[in-house]
Number of protein chains: 2
Amino acid sequence: MKRVKVSNNVIRRMPRYLRKLGELEKNGINRISSFELGKQLGLTPSQIRQDFSCFGEFGQQGYGYNVPALREQVGSILGTDRGFSAILVGVGNIGHALMDNFCFSEWGFKLTHAFDINPELFDTCFNGVPISSMDDIVEYVKENKVDVAVLTVPSTAAIPVANFLIENGVEAIWNFTNQELVEPNSPTIVENIHFSDSLLSLSYYISERNDEKAARAARLEKQN
Amino acid sequence: MKRVKVSNNVIRRMPRYLRKLGELEKNGINRISSFELGKQLGLTPSQIRQDFSCFGEFGQQGYGYNVPALREQVGSILGTDRGFSAILVGVGNIGHALMDNFCFSEWGFKLTHAFDINPELFDTCFNGVPISSMDDIVEYVKENKVDVAVLTVPSTAAIPVANFLIENGVEAIWNFTNQELVEPNSPTIVENIHFSDSLLSLSYYISERNDEKAARAARLEKQN
């Protein structure tokens with residue numbers, strides 16, 4: 001695919017489009033206008049048209065978007081058709097939760113192997129994914145295509161384990177540890193799931209709403 | 001606090017500032033320039049100054065920022081000093097993971113109670129948090145201050161359980177279920193943790209890097 005630099009904000013909206021289009025397709029909707037799509041996503045139609053225009057011409061004026069075709073195109077932009085493979089490092093609560101409930105294949109990924117330091121888990125399988133000793137990672141990464149390591153070790157182990165993975169050829173990490181793993185501009189691609197960032201944004205919005213309620217109450221008080 | 005409308009992008013960066021400032025403070029760093037802070041976060045100094053200027057005057061020209069003071073101010077902007085309380089609904093893998101590893105109190109929240117449909121869990125405690133039957137939620141919400149419900153039920157139960165919570169007075173939901181819970185512009189505040197959105201962004205960045213590598217290789221091939 002020919003690449004132009006696209007802003008992070010646009011990239012971050014693409015997965016939301018993909019989810020919404022999947023939902024529409026499941027509900028048998030074949031065609032949608034940018035107006036209706038925007039309404040369902042809380043975005044303006046022009047924002048939507050602009051976002052897609054970063055990647056080519058997808059809609060048709062007066063017709064709108066063909067839902068299945070657009071879904072396939074957005075998937076392809078995001079790389080869901082590239083057969084990426086992932087390993088999971090750290091089979092604790094979060095690791096188990098992902099192996100149990102998160103459907104990697106729905107998003108084009110194959111979770112091929114998991115690793116832990118707990119000997120009780122060695123040579124077992126969870127949901128069809130074999131679990132091996134951390135000591136076997138080096139060999140595994142050498143002999144298999146590993147596009148992403150899902151890092152679900154305890155926070156305290158995050159940085160040494162990440163460095164170990166990077167030294168052994170892992171080029172992308174999906175990071176669940178709440179630790180900053182690399183310096184900005186590192187060649188390793190790190191995508192962080194920071195639960196706290198999400199909770200704090202929520203905290204902001206609740207604070208804002210509470211302040212608005214209090215201000216409204218104060219205005220009413222003054223009027224009476 | 002007096003509120004002006006601040007863009008979502010700014011709000012989304014505030015938790016990152018808070019984490020970074022906490023890290024700096026822990027390392028005994030008392031003072032930092034916007035230049036250095038920007039370097040450590042991969043942002044420009046002017047972006048940082050602009051972000052903080054949405055909320056008041058924090059730095060001092062020629063001195064930079066006082067780290068502990070700024071950390072407190074950012075925490076206060078985000079509402080970490082408001083004593084918000086949370087309940088957790090659905091004690092499966094993710095629920096357990098959060099109760100076990102996620103430090104709500106570090107971010108100013110108190111996790112007061114959890115609920116599930118599994119009778120084996122009723123009247124037990126996990127990490128100091130009591131677990132009760134889903135049937136007891138209505139009464140609990142009536143009698144206790146609940147600022148947030150953490151929704152960690154299976155996807156299939158997400159929408160009915162969310163509607164039930166909203167009907168019973170819950171005004172904010174931290175949503176781990178990968179389901180869209182409310183219409184845009186709903187009065188309920190919903191903050192989504194969409195694992196798939198994060199993985200798909202990562203997928204995009206890996207695809208982009210692979211394409212760049214392929215293009216470089218093709219150029220080299222052509223030169224030889």
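This is a predicted model: local features need pLDDT of at least 70, side-chain atom pairs count only at pLDDT 80 or more; totals for chains, interfaces and linings use all residues.
Residues are numbered from 1 along each chain as its sequence is written, chains are lettered from A in the order in which they are written, and side-chain values use heavy atoms, with hydrogens and water left out.

**Interface of chain A and chain B**

- The contact (heavy atoms within 4.5 Å) takes 69 residues from chain A and 69 residues from chain B.
- About 6,200 Å² is buried between the two chains, with 59% of that area given by carbon and sulfur atoms; buried area is the accessible area (1.4 Å probe) that two parts lose on being put together, summed over both.
- Between chain A and chain B there are 12 salt bridges, each a side-chain nitrogen of Lys or Arg within 4 Å of a carboxyl oxygen of Asp or Glu.
- Glu171(A) and Arg209(B) form a salt bridge through their side chains, at 3.4 Å from N to O.

**Helix 3 of chain A**

- Helix 3 (residues 45-53; helices are DSSP runs of H or I, at least four residues) has Ile48(A), Asp51(A) and Phe52(A) as its buried residues, where buried means under 20% relative accessible area (1.4 Å probe, protein chains only).
- Seen down the helix axis, these buried residues fall within an arc of 90° and so line one face of helix 3, the arc being that of the directions from the axis to the C-beta atoms.

Terms used:
Buried means under 20% relative accessible area, exposed over 50%, partly exposed in between (1.4 Å probe, protein chains only). Helices (H or I, at least four residues) and strands (E, at least two) are DSSP runs, numbered from the N terminus.
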